[in-house]
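Reader: I've got the sequence and the model open side by side. Can we walk through a few spots together?

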Amino acid sequence: MSVLKNKRTTSKAEFVNTANEIYTETINFLSRLSARYSRLLADPTAKLAAEVVDNAEKAQSFFTSDDMRLDLRKQHLLLARGALMALDVQLCHCYMVMMKNPQGCFTDAKGNNVPKKEAEERLETMSQTLGDLIDAEDELLKGTMKSDADLRRKRKKVNRLFGCISENVPCGRAAPDGTAANHWCRSVNSSNTNNFCLVNTNGNANNNNANNSWGEAPGFYTMGQMQ
């Protein structure tokens with residue numbers, strides 16, 4: 001698939017956008033390394049930046065519709081954060097190496113090295129930009145994992161037993177006053193033509209004549225509809 005500029009789109013996930021920005025700024029920063037150090041530092045550092053992007057994109061590709069996809073998403077978010085932390089250390093090493101000879105990192109329009117002080121200021125600005133982006137991405141990744149964990153906990157509050165019993169109610173269906181109440185289930189009692197299945201207030205399965213008045217919960221809840 002083409003990634004030409006006119007076909008690229010901005011992701012709705014900010015952690016993906018920030019990861020891509022980190023990659024771009026990292027490549028720009030590494031281009032200031034001299035040829036002697038570039039062979040040793042540039043390639044492994046660029047690969048770490050690419051890992052952040054790769055895992056962020058993969059994490060975003062999973063819908064949060066069920067726990068299995070949430071688990072896969074979490075794995076890639078953790079891998080992205082691990083690569084991010086390693087990238088931070090590697091960039092620090094690159095910065096320290098470049099600061100040993102900052103003049104060699106920049107040239108003016110005539111191809112001459114810029115003064116040491118100016119070169120140091122440029123390197124400081126570039127490293128600060130990368131540091132801010134890395135800090136922002138770290139917070140975004142942690143925030144996304146927290147949000148996903150909250151969603152998982154929210155889903156666990158819904159008990160799928162006949163799609164109608166919530167863990168917030170000690171036993172049975174909630175009555176208007178918030179207490180537990182007997183309630184009908186969808187299932188008929190196949191052994192008796194007059195009875196339907198129900199759940200007692202103590203949570204036990206039971207059955208009773210259809211002419212009795214108990215709470216109603218005839219529908220199933222689709223978990224994928226939860227936002």
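Reader: Let's start with T18: is T18 buried or exposed?
Author: Keep in mind that this is a predicted model. T18 sits in helix 1, and its relative accessible area comes out at 6%. The cut-off for buried is under 20%, so T18 counts as buried.

Reader: And which residues is T18 in contact with, leaving aside its neighbours within four places in sequence?
Author: T18 is part of helix 1. With those neighbours within four places set aside, the contacts of T18 are L133, E137 and L140.

Reader: How are helix 1 and helix 3 oriented to each other?
Author: Helix 1 covers residues 14-30 and helix 3 covers residues 67-98, and they pack at an angle of about 25 degrees with axes 12 Å apart. Angles under 35 degrees count as roughly parallel. Helix 1 and helix 3 are therefore roughly parallel.

Reader: Now N101: is N101 buried, exposed or partly exposed?
Author: N101 lies in the loop between helix 3 and helix 4. Its relative accessible area is 46%. Buried means under 20% and exposed means over 50%, so N101, in between, is partly exposed.

Technical notes
Residues are numbered from 1 along each chain as its sequence is written. This is a predicted model: local features need pLDDT of at least 70, side-chain atom pairs count only at pLDDT 80 or more; totals for chains, interfaces and linings use all residues. Side-chain values use heavy atoms; hydrogens and water are left out. Axes are lines fitted to C-alpha atoms, for helices over the stretch in contact, and angles run from 0 to 180 degrees between N-to-C directions. Helices (H or I, at least four residues) and strands (E, at least two) are DSSP runs, numbered from the N terminus. Angles under 35 degrees count as roughly parallel, over 145 as roughly antiparallel, 65 to 115 as roughly perpendicular and the rest as oblique. Buried means under 20% relative accessible area, exposed over 50%, partly exposed in between (1.4 Å probe, protein chains only). Contact means heavy atoms within 4.5 Å.
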